[in-house]
Amino acid sequence: MAIRLPSSIQTPAYVIDVAKLRANLETAAHVREASGAKVLLATKSFAMPAVFPVMAEYLDGTTASGLYEAKLAKATFAPDDASKEVHVYSPAYTDAEFAALEGVADHVYFNSAKQLAKYGPAAKARGQHVALRINPGYSNATLGGELYDPCAPGSRFGETASELAGVDWELVDTLHAHALCESMADGSVGLIEKIAADFGEYVQKVSSVNFGGGHFLNKPGYEVASLIGALKAFQDRFGVQAYIEPGGGLVVDAGYMVSTVVDTHRNAVDLAIMDASASCHMPDVLEVPYTPRVIGAGAPGEKAHDVVLGGKTCMTGDVIGTYSFDEKLKPGDRVIFEDMAQYSFVKTNTFNGAPLPDIALLHEDGRYEVVKAFEYGDFAGRLG
């Protein structure tokens, strides 16, 4: 695999491949058209206003995980198109947050019967659609175990089945169930069928059902036809509008982290110190954990030269992974990490004063555009 980038670009940089992004969005458009379901972008995993105009061509709107994401979506995701929806969910709203959502979110999701009772009447009065998140007790998170499983034991997400009979369903327009993480079609279909089988009496009380995110639509092997069939069958059976809200599933393999070797070192093994950091720029590498793919590299022992790639922070565990290369790495060599659009720049930090990577686009015509370059002021400003 090759990626054509100018040799002079500043690193580290997150680079979104617009052509690949558009190809992923075509999948989402196919799901919409073939199933009749609506598809939203979950901005918690990918929020880049520079490509929102492209995404708005294919999607019905966005779903946010709090006030600030909702405000960003309202202001930058097709702000002049009234047909584009802004949904927002939070495990709990403060009074100030809920008040500020007026005029921002079209759909407000509540995590519990208590939050619904507290804020639902006011949301309805100001013309917002009201949703209640349930915990369906269906675990199909294929990444990170309980860390990323919304239905893990003791999860704080969603109202449990035992409490649903006491809900004031006159307030609820949408039933919401988010239970997946990087799930293939069997997980998506399983969740839809679980809601139909176990929560049908409540589906009959609402006008729409949102099956959440985690549908990994563009992962190789995902059977899109199975998802379409399940969505169609559910909507036909219950007469409701279905939603899905993928995040990472819309941007799989549509972005890169471009980095440079700053120095090499030896301590029992060969080491390369990068201008990219796991702890600062790829936190999921440590949290999940996982080892991201690198263009042109192999697994340890697969190619001639093994090397451990690490960041230049003072954290001992700031290690991206062990790779093998055909040639020994040297200072100035470029290393490109794949699948760096999802949960990447939205989770960065400036530990040790590490500079934030540029945010850039690789346009369909091959043009490279830096959308945002960060400076010392961005670091200092975050510290007050």
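Partly exposed describes a residue whose relative accessible area lies between the buried range, under 20%, and the exposed range, over 50%. The legends below concern a predicted model.

**Figure 1. Arg266 and Asp270 are joined by a salt bridge.** The closest N and O atoms of Arg266 and Asp270 are 3.0 Å apart. Asp270 has a relative accessibility of 22% and therefore counts as partly exposed. Arg266, by contrast, is exposed, its relative accessible area being 53%. Side chains of opposite charge can pair when their charged atoms come close.

**Figure 2. Arg22 and Glu57 form a salt bridge.** Their closest N and O atoms are separated by 3.1 Å. Arg22 belongs to helix α1 (residues 18-35), while Glu57 sits in the loop between α2 (52-56) and β3 (61-64), so this pair ties together parts that are 35 residues apart in sequence. Glu57 is exposed, with 52% relative accessible area.

**Figure 3. A salt bridge connects the side chains of Asp253 and Arg293.** The N to O distance in this pair is 2.6 Å. Asp253 is found in the loop between α9 (248-251) and β12 (255-267), and Arg293 in the loop between α11 (283-287) and β14 (305-310); the two residues are 40 residues apart, and their pairing links distant parts of the chain. Asp253 is partly exposed at 24% relative accessibility, and Arg293 is partly exposed with a relative accessible area of 39%.

**Figure 4. Arg22, Glu57 and Glu364 belong to one network.** Salt bridges with shared partners join these residues. The structure as a whole holds 17 salt bridges, including the one between Arg22 and Glu57.

Definitions and conventions. Residues numbered from 1 in each chain as written. Predicted model: local features only at pLDDT ≥ 70, side-chain atom pairs only at ≥ 80, totals over all residues. Heavy atoms only, no water. Salt bridge = Lys/Arg side-chain N within 4 Å of Asp/Glu carboxyl O. Helix = DSSP H or I, 4+ residues; strand = E, 2+ residues; numbered from the N terminus. Buried < 20%, exposed > 50% of the residue type's maximum accessible area, 1.4 Å probe, protein only.
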